[in-house]
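Below are some notes on the structure you asked me to look over. Please read them with the coordinates open.

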Amino acid sequence: MDDRTILERLGAILGAAALATTADDLAPWLTDWRGRVTGSALALASPGSVAEVQAIVRLAGEAGIALVPQGGNTGMVAGGVPRPDDRAILLSLRRMHAIRSVDPADNSLTAEAGAILSAVHAAAEEHGSRFPLSLGAKDSATVGGLIATNAGGTQVLRFGPMRALTLGIEAVLPDGSLFDGLSTLRKDNRGYDLRQLLAGSEGTLGVITAASLKLVPAAPHRTVAWAGLESAEKALALLRALEAALGDAVESFELVPDAALALVLEHIPRTRAPLAGSHRWHVLIESRTANSADELRARSEAALAKALDDGLVADATIAESERQAADFWKLREVISEAERVDGMAAKHDVSVPVSAMPGFIETATAAVERQFAGARVIAFGHLGDGNVHFNVRAPAGSDDAAWFAETGDAVSRFVHDLTRDAGGSLSAEHGIGQLKLAEFERLADPARLAALRAIKRALDPRGIMNPGKLVPLANPAENP
Ligand code: FAD
Ligand code: 2HG
Ligand code: ZN
């Protein structure tokens with residue numbers, strides 16, 4: 001089918017208002033958040049209903065054209081943008097953003113794929129409940145994107161990643177059929193779990209159109225603390241001490257190195273350091289309760305005071321108000337933005353066993369600095385989940401673009417090798433997308449790759465769903 005016919009058929013399905021075809025209209029959606037990849041597409045299609053998504057998927061199958069689902073385009077691995085030479089339809093789910101229902105008695109919420117995470121938070125709160133997954137991109141990231149990447153974020157410690165919070169999925173499969181798996185059942189053993197197959201599938205197995213999400217009871221009172229420490233090892237010991245003292249009230253425990261805080265203070269307006277002195281490492285700790293705010297605060301203070309006495313913590317402060325708590329969180333959530341403003345980074349979203357992470361940070365940092373003179377490591381994030389963003393920056397004062405062109409791939413191979421040697425994963429929470437594909441293929445064991453390919457071929461024999469992402473096909477010619 002030629003391009004003109006495809007566009008006419010898309011126009012007939014969607015109407016002109018939901019179809020963009022000019023370079024200017026397409027441009028904002030073709031480059032990923034990091035600015036690493038600018039893809040090409042024939043059109044941007046924005047369906048408003050499940051039936052329209054089905055018609056577009058059927059058309060793509062007939063025409064043999066790629067479909068690239070996109071939500072908020074906040075993904076870190078360029079999974080939601082086409083490849084530079086693609087002949088593709090970019091399929092935006094943004095118009096499908098309704099919260100279909102909230103059922104506090106069932107502890108569930110059903111939302112369309114384009115619903116933005118902060119809207120999901122607000123809808124749950126309106127009903128006296130809570131959706132407990134959050135991340136820095138919460139004002140843009142969508143339910144569909146969060147599920148398709150199995151996003152993690154800053155509450156995984158207590159509630160798990162998106163997979164653990166997804167009860168049901170409605171999705172259009174690559175043949176245009178509708179998988180109506182929107183149930184909120186807590187138990188369902190009817191064979192292979194298609195919901196969990198679609199979670200983390202990065203748009204390669206179908207288009208998620210809606211999902212039922214798990215809610216948890218509201219816990220309106222929180223204490224947010226900021227502590228300065230000497231090492232990541234002490235940070236992990238602090239986490240375990242706080243868990244012993246506060247139980248599962250501890251919901252977030254985020255590691256921030258001095259260099260990340262410095263970037264934030266330099267580039268993000270209206271930010272200031274919570275502690276007076278300088279510290280090599282910091283942690284942001286959030287604890288929550290539905291019961292007594294005063295009691296939670298008293299117990300948090302006592303636990304931190306003991307950690308000071310025990311030498312785990314060098315200094316610490318607890319936010320005095322909700323506003324100060326939000327300020328502490330902002331320092332953590334804008335690290336990616338500050339890093340992006342400052343320059344390029346080779347990003348490594350790695351996980352190792354939690355207990356091994358402090359040692360990994362120390363030895364991998366030293367190894368990278370030895371191997372690549374002047375390279376600067378910024379390892380931050382979800383220490384309590386054994387996941388840090390082990391980002392490597394060019395030497396100070398060097399030409400970023402030139403250094404990364406020459407050295408970037410070698411740095412990434414080096415870091416991923418160290419991760420593999422530590423029994424870890426090269427994608428803890430961001431997925432594979434386009435940017436990690438070569439490394440995934442290089443390091444994954446053959447059985448895993450073969451199973452992924454078999455699943456992809458079985459569900460998407462024509463290879464129309466987000467080709468060139470996540471699933472390395474053995475023969476590049478099979479990659480449309
Ligand atoms: P997109 O970027 O649009 O797409 C991501 C992938 O999902 C693509 O492969 C796309 O094809 C696919 N997809 C999107 N919608 C659908 C759909 N409806 N059906 C099928 N496939 C679909 N991630 C974390 O895990 N933890 C963090 O802490 C975190 N913090 C972040 C902070 C910042 C400042 C930023 C910019 C990003 C952060 N991310 C984090 C990454 C990102 O927010 C997540 O990957 C998020 O899940 C992407 O959602 P999205 O709607 O933007 O998806
Ligand atoms: C975070 O934890 C995100 O802030 C982004 O996952 C990480 O920018 C990064 O490397
Ligand atoms: Zn993260």
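This is a predicted model: local features need pLDDT of at least 70, side-chain atom pairs count only at pLDDT 80 or more; totals for chains, interfaces and linings use all residues.

1. Zinc site. Three residues coordinate the zinc ion (ligand 3): H382 through NE2, H389 through NE2 and E429 through OE, with distances of 1.9 to 2.1 Å. Along the sequence these donors follow the spacing H-x6-H-x39-E. H382 belongs to strand β17 (residues 376-382), while E429 sits in the loop between α15 (400-421) and α16 (437-443), so this pair ties together parts that are 47 residues apart in sequence.

2. H389 is listed among the buried residues on one side of strand β18.

3. The β17-β18 hairpin. Strands β17 and β18 run antiparallel and are joined by seven bridges. They form a hairpin with four residues between them, and G386 in the turn has a positive phi of about 65°.

4. How many residues of strand β18 (residues 387-393) are buried? The count is seven of its seven residues. Both faces are covered: one side carries N387, H389, N391 and R393, the other V388, F390 and V392. In a regular strand, side chains alternate between the two faces of the sheet.

5. Four-stranded sheet. An open sheet of four strands is ordered β1-β2-β4-β3, and its pairing is mixed. Its edges are β1 (19-20) and β3 (66-70), each of which pairs on one side only. Helix α2 (residues 23-30) packs on this sheet and touches β1, β2 (43-45), β3 and β4; the helix direction makes about 70° with that of β2.

6. Strand β3 pairs with β4 (residues 88-92) in the parallel sense, over five bridges. Within this pairing, L67 has I89 as its bridge partner in β4, and V68 stands opposite L90. Although β3 is an edge strand, five of its five residues are buried, so the strand is largely enclosed by the rest of the structure. Both of its faces are covered, with A66, V68 and Q70 on one side and L67 and P69 on the other.

7. Five-stranded sheet. A second open sheet has five strands in the order β5-β6-β10-β8-β9, with antiparallel pairing. The edge strands here are β5 (99-103) and β9 (178-181), each pairing on one side only. Neighbouring strands are turned by 10° against each other on average, direction ignored. Strand β5 is joined to β6 (residues 108-112) by four bridges and runs antiparallel to it; V102 stands opposite L109 in β6.

8. Helices on the five-stranded sheet. Helix α3 (residues 50-63) packs on the sheet and touches β5, β8 (166-172), β9 and β10, its direction making about 55° with that of β8. Helix α4 (residues 117-126) lies across β5, β6 and β10 and runs at about 35° to β5.

9. T209. Which strand holds T209? T209 is part of strand β10 (residues 207-214). With 0% relative accessibility, T209 is buried. Its side chain makes a polar contact of 2.6 Å with the side chain of E170. Beyond its neighbours within four places in sequence, T209 is in contact with V50, V53, M96, R100, E112, A113, E170, A171 and V172.

10. Helix α14. This helix (residues 357-371) has 15 residues and spans 20 Å from its first C-alpha to its last, close to the 21 Å expected at 1.5 Å a residue. Its buried residues are M357, P358, F360, I361, A364, T365, A367 and V368. An α-helix has 3.6 residues a turn, so residues three or four places apart point the same way.

Conventions:
Residues are numbered from 1 along each chain as its sequence is written. Chains are lettered from A and ligands numbered from 1 in the order in which they are written. Side-chain values use heavy atoms; hydrogens and water are left out. Two strands pair if DSSP finds at least two bridges between them. Helices (H or I, at least four residues) and strands (E, at least two) are DSSP runs, numbered from the N terminus. Contact means heavy atoms within 4.5 Å. Axes are lines fitted to C-alpha atoms, for helices over the stretch in contact, and angles run from 0 to 180 degrees between N-to-C directions. The expected span of a helix is 1.5 Å times one less than its number of residues. Buried means under 20% relative accessible area, exposed over 50%, partly exposed in between (1.4 Å probe, protein chains only). Donors are N, O and S atoms within 2.8 Å of the metal (3.2 Å for Na, K and Ca); water is not among the atoms, so sites may look incomplete. A polar contact is a pair of N or O atoms within 3.5 Å; within protein, one must be able to donate a hydrogen and the other to accept it, and residues adjacent in sequence count only if both atoms are side-chain atoms.
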